[in-house]
Amino acid sequence: MNILLTGATGFIGHQLVGALESNHRLTILTRDPVRAKDKLGGYHQYLASLDNLTSLNEFDAVINLAGEPIAGKRWSNEQKQRICNSRWEITSRLSELFTQSQTPPSVFISASAIGRYGRQGTTPVDETYFDEPHRSPGDDIEFTQTVCRKWESSALSAQSEKTRVCIIAIGLVLGLSGGALPKMLPAFKLGLGGPIASGEQGMSWIHQQDLISLFVYLLEHGECSGIFNATSPRPVSNREFSTTLGAALSRPAIIPMPSFVLDIGLGEMSQLLTQGQYVLPKRALDAGFHFKYTKLSEAFSEIFSGN
């Protein structure tokens, strides 16, 4: 397949390139082709902008991972706008190109996040959550929900008889080359880690290998479309996550982090840590996808095996 890929230099993107490059031709959209080429290799095609494209006729698939890291900086109004625009604008433009194509790509896989569900306490949720008549994605009250709602609707507008759209709502991705885990490790390695706030909030995690495998699975299975949660079938509480991480590092994990400390330090972004969800991957399992890592302890064991 000839695949157009955005966000390829990021934590997930560069791993996805490695999984796809032996069997597919990749065209990588990036603001800095020189830097991307140094990181990903010179045997791919690189595209600095979508401006010169009038259609997507030459591509068989599009995978969209572009977006400003949501936990990269404190959520000032300006940073919130960057987070939104970096997702909404490119996704909207890609969908426009789908509609302008006579022979559009057969599949559009676009990222989203489990922030789409908002805070749910300890009640598990899956992709059917918004199917219930009294609930609607339009009932957004939180920033992450607002981001995801427009992000997803822009991608879904590319759907047609010729194109299926898959939205991957990504949870907490576990790996050492990016994401949240490396930021947690210094404190836990010093024995200073522990539960955050009540410790009862959900941590819906996924091993990086399972996430990459899910992208490939949805690419290759033409019967799949719609929303897919990218989370392990066994989400855990923040307390259990902290205890398991401490055990994996052979360190205690008993020092609590009060929510007000995070509120002071991170502002509104602290909600990513103090509020959580227990998100289940019902549609991925129903589609026949197999998770290699379903136990958090086994995921940590693999991740730290080379360290």
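Ala-197 lies in the loop that runs between helix H5 (181-189) and strand E9 (202-203). In this predicted model, the residue has a positive phi of about 55° although it is not a glycine. Most residues other than glycine have a negative phi. With a relative accessible area of 30%, Ala-197 is partly exposed.

Ser-250 also has a positive phi of about 55°, again without being a glycine. Ser-250 is placed in the loop between helix H7 (238-248) and helix H8 (259-266). Its relative accessibility is 60%, so Ser-250 counts as exposed; the cut-off for that class is over 50%.

Strand E4 (residues 61-64) is covered on both faces. Ala-61 and Ile-63 are buried on one side, while Val-62 and Asn-64 are buried on the other. In a regular strand the side chains alternate between the two faces of the sheet.

E4 is joined to strand E1 (residues 2-6) by four bridges, and the two strands run parallel. Within this pairing, Leu-4 has Val-62 of E4 as its bridge partner. E4 also pairs with strand E5 (residues 107-113), in the parallel sense and over four bridges. Here Ile-63 stands opposite Ile-109 in E5. Together with helix H3 (residues 77-99), E4 and E5 make a β-α-β unit, which is right-handed.

**The nonpolar core**

The largest nonpolar core has 47 residues. Those with the most contacts inside this core are Leu-16, Ile-63, Ile-109, Ile-168, Leu-211, Phe-215 and Leu-218. Helix H6 (residues 208-220) supplies the largest share of the core, eight residues.

Which residues does Ile-63 touch, not counting residues up to four places away in sequence? The contacts of Ile-63 are Ile-3, Leu-4, Leu-5, Thr-6, Leu-16, Leu-20, Ile-109 and Phe-215. Among these, Ile-109 is the residue that Ile-63 stands opposite in E5. Leu-16, Ile-109 and Phe-215 are, like Ile-63, among the residues with the most contacts inside the core.

**Aromatic pairs**

The structure holds nine aromatic pairs. In one of them, the ring centres of Tyr-117 and Tyr-129 are 6.0 Å apart and the planes stand at 80°, so the pair is edge-to-face. This pair links distant parts of the chain, twelve residues apart. Tyr-117 belongs to the loop between E5 and strand E6 (124-125), and Tyr-129 to the loop between E6 and helix H4 (143-156). Both Tyr-117 and Tyr-129 are buried.

Tyr-129 also pairs with Phe-130: their ring centres are 4.9 Å apart and their planes are at 75°, so this pair too is edge-to-face. Phe-130 is buried, as is Tyr-129. Through these ring pairs, Tyr-117, Tyr-129 and Phe-130 form a cluster.

**Charges over rings**

Two further contacts involve an aromatic ring and a charged side chain. Lys-80 has its charged end over the ring of Phe-143, 5.0 Å from the ring centre. Arg-283 has its charged end over the ring of Phe-228, 4.5 Å from the centre of that ring.

How values were computed
Residues numbered from 1 in each chain as written. Predicted model: local features only at pLDDT ≥ 70, side-chain atom pairs only at ≥ 80, totals over all residues. Heavy atoms only, no water. Core = buried A, V, L, I, M, F, W, Y, C linked by side-chain atoms within 4.5 Å. Buried < 20%, exposed > 50% of the residue type's maximum accessible area, 1.4 Å probe, protein only. Contact = heavy atoms within 4.5 Å. Pairing = 2+ DSSP bridges. Right-handed = clockwise from strand over helix to strand, strands pointing away. Phe/Tyr/Trp six-rings, centres within 6.5 Å; stacked < 30°, edge-to-face > 60°. Lys NZ or Arg CZ within 6 Å of the ring centre and 35° of its normal.
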